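I opened this notebook to record, step by step, what I looked up in the structure. The entries go from the chain as a whole to single side chains.

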Amino acid sequence: MNRYDPNIANLLIRLKAWVRALFWRYRRPLLATAAAAAALGVGVSADKTSPPEPSGQIASR
């Protein structure tokens, strides 16, 4: 099989190699971005959850 033959299998192999190379080259910025996104997601999730209102009291908001 000619590896330069234009078909879907060769295209996918080349795209996979290209994406792996990009991930390897930019791994530190990607890890930092993923860590910041996780921290932001946890923070927003924690802000959205509030303790339940006591059932015997009226909330004064």
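I began with burial: the model is a predicted one, and of the 61 residues of its protein chain, 2% count as buried. I then looked up the accessible surface, which comes to about 6,100 Å² for the protein chain, with 65% of that area belonging to carbon and sulfur atoms.

Next I turned to secondary structure, where I found 2 helices and 0 strands in the protein chain. For helix α1, residues 8-25, I checked the length: at 1.5 Å a residue its 18 residues should span 26 Å, and the end C-alpha atoms are 26 Å apart, which agrees. I also asked how many of the 18 residues of α1 are buried. The number is 1, so α1 lies largely in the open.

I went on to the nonpolar surface and noted a patch formed by I8, L11, L12, L15, W18, V19, L22, F23, Y26 and L30, which together have about 970 Å² of accessible area. Helix α1 supplies the largest share of this nonpolar patch, with 8 residues.

Last, I looked at the rings: a search of the whole structure for aromatic pairs returned 0.

Key:
Residues numbered from 1 in each chain as written. Predicted model: local features only at pLDDT ≥ 70, side-chain atom pairs only at ≥ 80, totals over all residues. Heavy atoms only, no water. Helix = DSSP H or I, 4+ residues; strand = E, 2+ residues; numbered from the N terminus. Buried < 20%, exposed > 50% of the residue type's maximum accessible area, 1.4 Å probe, protein only. Areas by Shrake-Rupley, 256 points an atom, 1.4 Å probe, with all protein chains shown as cover. Expected span 1.5 Å × (residues − 1). Patch = residues over 30% accessible without salt bridge, like charges linked within 9 Å, V, L, I, M, F, W, Y side chains within 5 Å. Salt bridge = Lys/Arg side-chain N within 4 Å of Asp/Glu carboxyl O. Phe/Tyr/Trp six-rings, centres within 6.5 Å; stacked < 30°, edge-to-face > 60°.
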